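Open your viewer and keep the selection panel handy. We will go from the overall layout down to single residues, one selection at a time.

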Amino acid sequence: MTDLHTALITANAISRDYTVGGGMLRTPSVVRALSEASFELHAGKTLAVVGESGCGKSTLARVVTLIETPTAGEFTINGQTITTDTTEASAELRASIQIVFQDPYGSLNPRHKVSQILQEPLVINRPDLSSRQRDDRSREMLSLVGLRPEHHERYPHMFSGGQRQRIAIARALMLEPGILVLDEPVSALDLSIQSQILNLLVELQDRLNLAYLFISHDLSVVKHMADDIMVMYLGRVVEAGKTDQVFHQPRHPYTRALVSATPVADPTSRQQRIHLEGELPSPLSPPAGCAFNPRCWKTAEQCRTQRPELDNHGGRQIACHFPLDDKDTAD
Ligand SMILES: Nc1ncnc2c1ncn2[C@@H]1O[C@H](COP(=O)(O)OP(=O)(O)O)[C@@H](O)[C@H]1O
Ligand SMILES: [Mg+2]
């Protein structure tokens with residue numbers, strides 16, 4: 001019997017570096033794309049990862065889906081430990097965690113019919129199934145993601161963006177994974193289509209008890225479906241906690257700025273929009289101290305010299321020397 005409370009993923013300070021440049025005249029430099037990320041992901045739950053483009057979200061996605069190994073730290077998937085030395089993971093482990101990318105054009109082979117796209121993972125991983133059984137499964141999956149039986153023999157270009165994302169989700173589910181990593185799954189879609197895909201994801205999660213690691217640069221996308229949120233800045237987690245808490249009482253100034261940029265349904269809200277000045281710095285030369293300090297309105301001397309650790313504050317984690325309280329306003 002499985003313990004309902006056991007995490008499907010437990011990540012312990014995972015980091016990922018890339019070496020860039022180098023060549024005849026240059027010395028290579030190291031980009032720390034992801035630094036010491038720790039989290040748990042549970043069955044039936046959604047953990048959202050948010051932050052500006054370039055903060056390391058896709059790097060995290062590639063590491064946890066075993067596309068790349070971490071360069072430091074370790075994590076477990078279904079109790080199996082992955083370290084910097086893991087050269088090979090079993091096919092079974094790989095099948096248990098699947099990824100959906102932002103761009104459904106790029107991720108579906110244009111020369112293959114939907115039936116072939118969906119059945120390919122079965123051909124590779126399930127030699128025990130007959131072609132009839134594979135066919136039954138891909139047809140079932142097509143209906144589960146809200147497509148029609150006649151779509152089975154069509155090519156990707158014959159579908160709209162939203163329909164193509166349904167196909168990508170269907171393909172990710174063919175091996176019955178417990179975990180889906182969704183890397184900006186709706187960012188390329190029109191707003192009205194976005195909500196249809198989000199609704200589909202919620203439905204599938206309920207039905208299949210899926211765990212989602214949901215990546216988005218846009219906080220408003222994850223607001224209604226995430227149980228927990230992890231906010232990243234320049235490769236590091238700066239705030240993590242329950243979705244409600246993070247939204248209604250952001251404590252890190254960066255989270256506060258992100259929340260203030262999301263549309264509010266209540267027009268009388270006193271929420272003040274915070275415009276962050278400056279660009280995200282390059283991870284090749286991160287600012288000393290707190291990486292957010294050049295853009296922060298609370299910066300003090302300590303922030304320029306000492307990096308704040310991610311610490312527990314009343315049930316959530318914050319990496320800030322001067323966390324906000326409820327009365328704080330940006331000025
Ligand atoms: N393969 C790579 N080689 C070198 N640098 C990389 C590589 N992948 C990502 N990076 C760098 O790591 C940082 C994080 O990238 P990424 O994880 O794609 O961020 P996000 O998905 O949040 O936009 C960026 O500065 C990016 O340029
Ligand atoms: Mg990305």
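Which domains does the domain assignment of the chain give? There are two: domain 1 (9-226) and domain 2 (247-331), with bounds that come from an automatic or database domain assignment. Colour them separately before moving on.

A word on conventions: this is a predicted model, in which local features need pLDDT of at least 70 and side-chain atom pairs count only at pLDDT 80 or more, while totals for chains, interfaces and linings use all residues. Residues are numbered from 1 along each chain as its sequence is written, and chains are lettered from A and ligands numbered from 1 in the order in which they are written.

**Stop 1: between the domains.** The centres of domain 1 and domain 2, taken over C-alpha atoms, are separated by 29 Å. Their contact takes 11 residues from domain 1 and 8 residues from domain 2; two residues are in contact if their C-beta atoms, placed from the backbone, lie within 7 Å. On the side of domain 1 that touches domain 2, select β2 and α8 (219-222), each of which supplies at least two residues. β2 gives the most to that side, with 4 residues. Helices (H or I, at least four residues) and strands (E, at least two) are DSSP runs, numbered from the N terminus.

**Stop 2: the core.** Next, select M230 and V231, the residues with the most contacts inside the largest nonpolar core, which has 78 residues. Such a core is a set of buried Ala, Val, Leu, Ile, Met, Phe, Trp, Tyr and Cys residues joined through C-beta atoms within 7 Å, where buried means 20 or more other C-beta atoms within 10 Å of a residue's own, exposed 12 or fewer, and partly exposed in between, with C-beta atoms placed from the backbone. Helix α6 (residues 161-173) gives the most to this core, with 6 residues. Domain 1 and domain 2 both give residues to the core, so it lies between them. Beyond its neighbours within four places in sequence, V231 is in contact with residues including V50, H252 and L258.

**Stop 3: ligand 1.** Show the residues around ligand 1, among them Y18, V31, K57 and P283. β1 (9-20), β2 (29-41) and α1 (57-64) each give two or more residues to this shell, and α1 gives the most, with 3 residues.

**Stop 4: A72.** Finish in strand β4 (residues 72-77), where A72 is found. Is A72 buried or partly exposed? A72 is partly exposed, because 15 other C-beta atoms lie within 10 Å. Not counting residues up to four places away in sequence, A72 touches S15 and T84.

Note on methods:
A residue is near a molecule or strand if its C-beta atom, placed from the backbone, lies within 6 Å of it.
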